[in-house]
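Have a look at the model first, then follow along.

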Amino acid sequence: MTQPVQVETTSHGTPTPRDPRFRAMAVSGGLAVVLCAAAVLLPSPYIIEAPGPTFNTIGEVDGQPLIRVEGTQSYPPEGELDLTTVFVRGGPNGQVNVLDTLRAWVDPSENVVPEELVYPEGTTSSELQEQNAVAMTSSQESAIAAALTHEDIPFSEELSVAGLPGDSASAGILQEGDVLRSIDGTAIDTIETLRSALTDAEGAPATLAVVRDGEDLELSVTPKESADGEFQLGILLTSTFDFPFDVTIQLDNVGGPSAGTMFALGIIDTLTEGDLTGGRHFAGTGTIDSAGAVGPIGGIAQKLVGARSGGAEFFLAPAANCEEVVGHIPDGLTVVSVQTLDDAVEAVETLGSGDGAEDLASC
């Protein structure tokens with residue numbers, strides 16, 4: 001028996017046999033579209049860093065001062081000292097797809113990094129939020145201490161051991177939780193006291209007085225010399241401060257330690273009469289410790305873009321980030337390299353007074 005032949009009708013009403021190859025091509029094309037769509041929407045094992053918002057540390061957030069000082073004289077400053085942020089997507093922050101990643105790769109203001117280089121495997125969103133919150137609190141306390149040190153305002157700092165790396169010079173001697181009281185007979189009142197004593201001893205064994213579980217101990221540790229020539233005990237430290245007045249820093253939904261330097265500048269400007277900035281628009285970044293040392297951060301290229309987009313004229317960058325700064329400075333933004341809080345204050349005062357950046361360090 002003859003099988004019926006499927007036909008289609010042309011615009012003139014003439015039946016036309018359907019080519020079986022047409023159906024095969026249509027099915028193949030449809031499958032290709034579906035597969036391509038699925039591929040670009042699949043989760044991508046990358047982190048995307050993009051410029052985030054800026055916040056003026058001597059301004060207001062939601063109608064409230066970002067920095068409030070109570071218990072001593074303070075002065076309402078003018079100008080702008082912006083802390084900069086990076087908006088991070090991917091990993092514990094929520095998966096990104098292949099299409100997001102491809103878009104970020106071609107956007108010069110964004111950065112794409114393999115997830116495993118940023119977060120340890122298994123890191124959860126709640127763990128990341130907790131880590132960022134702890135880092136932010138610690139950076140605020142260190143910023144207050146650094147600002148008070150710069151202003152010669154006394155405070156007390158208690159240092160205790162927070163951890164010991166595997167190759168620590170103190171392994172088997174110091175323990176987590178030990179409170180450091182003195183080194184070679186000198187009371188340890190700040191982290192700078194400890195650093196200075198180790199430097200002056202040039203690697204000789206250090207006698208440490210510590211308190212462990214309420215018991216006074218005297219221990220000897222021989223420091224190791226680091227790659228940059230510093231003598232170190234090989235311990236992670238945490239600080240507990242007692243300040244003579246209250247400094248409150250109010251900033252929600254921002255975590256991490258990288259705002260420390262700009263917090264410290266904002267506190268100094270609030271504690272001193274006159275305007276540190278001269279009314280100019282500054283932005284910057286950098287971790288800070290209680291002694292005022294400025295440390296490197298991540299996402300510097302994105303922070304430069306965010307600073308300029310926010311209207312900044314000048315940017316304070318940690319000296320250790322200078323290699324990443326070169327080639328990423330937006331038009332109209334002057335970058336100054338800083339290693340300490342003193343450097344940062346000098347840069348803001350110099351540029352705020354109208355002088356140029358010729359005599360300041362740059363990247």
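Helices here (H or I, at least four residues) and strands (E, at least two) are DSSP runs, numbered from the N terminus. On that count, the protein chain has eight helices and 24 strands. Keep in mind that this is a predicted model: local features need pLDDT of at least 70, side-chain atom pairs count only at pLDDT 80 or more, and totals for chains, interfaces and linings use all residues. Residues are numbered from 1 along each chain as its sequence is written, and side-chain values use heavy atoms, with hydrogens and water left out.

Let's start with burial, where buried means under 20% relative accessible area, exposed means over 50%, and partly exposed is in between (1.4 Å probe, protein chains only). Of the 363 residues in the protein chain, 40% are buried. As for contacts (heavy atoms within 4.5 Å), take those between residues at least 6 apart in sequence: 71% of them join residues at least 24 apart.

Now the sheet. Two strands count as paired if DSSP finds at least two bridges between them. By that rule there is an open sheet of six strands, in the order β10-β4-β8-β20-β23-β24, with mixed pairing. Its edges are β10 (111-114) and β24, each of which pairs on one side only. Ignoring direction, neighbouring strands of this sheet are turned by 35° against each other on average. Angles like the ones further down use axes, which are lines fitted to C-alpha atoms (for helices, over the stretch in contact), and run from 0 to 180 degrees between N-to-C directions.

Zoom in on β23. Strand β20 (residues 281-284) pairs with β23 in the parallel sense over three bridges, and F282 has F314 as its bridge partner there. On to β24: five bridges join β23 to β24, and these two strands run parallel. Across that pairing, L316 is bridged to V336 and P318 to V338. How enclosed is β23? Five of its five residues are buried, so the strand is largely enclosed by the rest of the structure. F314, L316 and P318 are buried on one side, while F315 and A317 are buried on the other.

In soluble globular proteins, nonpolar side chains tend to be buried together. Here the largest core has 45 residues, and F263, L265, I267, L316 and L341 touch the most other members. Among the elements that each supply at least two residues of this core are β8 (80-89), α3 (125-150), α5 (260-271), β23 (314-318) and α8 (341-352). A second, separate core of 18 residues includes I183, L198, V210 and V221.

What does L316 touch? Leaving out residues up to four places away in sequence, its contacts include M262, L265, G284, V336 and A344. Compare L83, which sits in strand β8. With a relative accessibility of 0%, L83 counts as buried. L83 and L316 are 233 residues apart in sequence and 9.9 Å apart in space, C-alpha to C-alpha.

Next, the helices. The axes of α3 and α5 come within 8 Å and cross at roughly 45°. That makes α3 oblique to α5, given that angles under 35 degrees count as roughly parallel, over 145 as roughly antiparallel, 65 to 115 as roughly perpendicular and the rest as oblique. On the α3 side the contact involves residues including M136, A143 and A147, and on the α5 side residues including F263, I267 and L271. With α8, the axis of α3 comes within 10 Å and crosses at roughly 70°, which makes α3 roughly perpendicular to α8. A146, A147 and H150 of α3 meet L341, D342 and V345 of α8 in that contact.

Finally, look at α6. Seven of the 10 residues of this helix (residues 300-309) are buried, so α6 is largely enclosed by the rest of the structure. Its buried residues are I300, A301, Q302, K303, L304, G306 and A307. Just after α6, G311 takes a positive phi of about 100°.

How values were computed. A nonpolar core is a set of buried Ala, Val, Leu, Ile, Met, Phe, Trp, Tyr and Cys residues joined through side-chain atoms within 4.5 Å.
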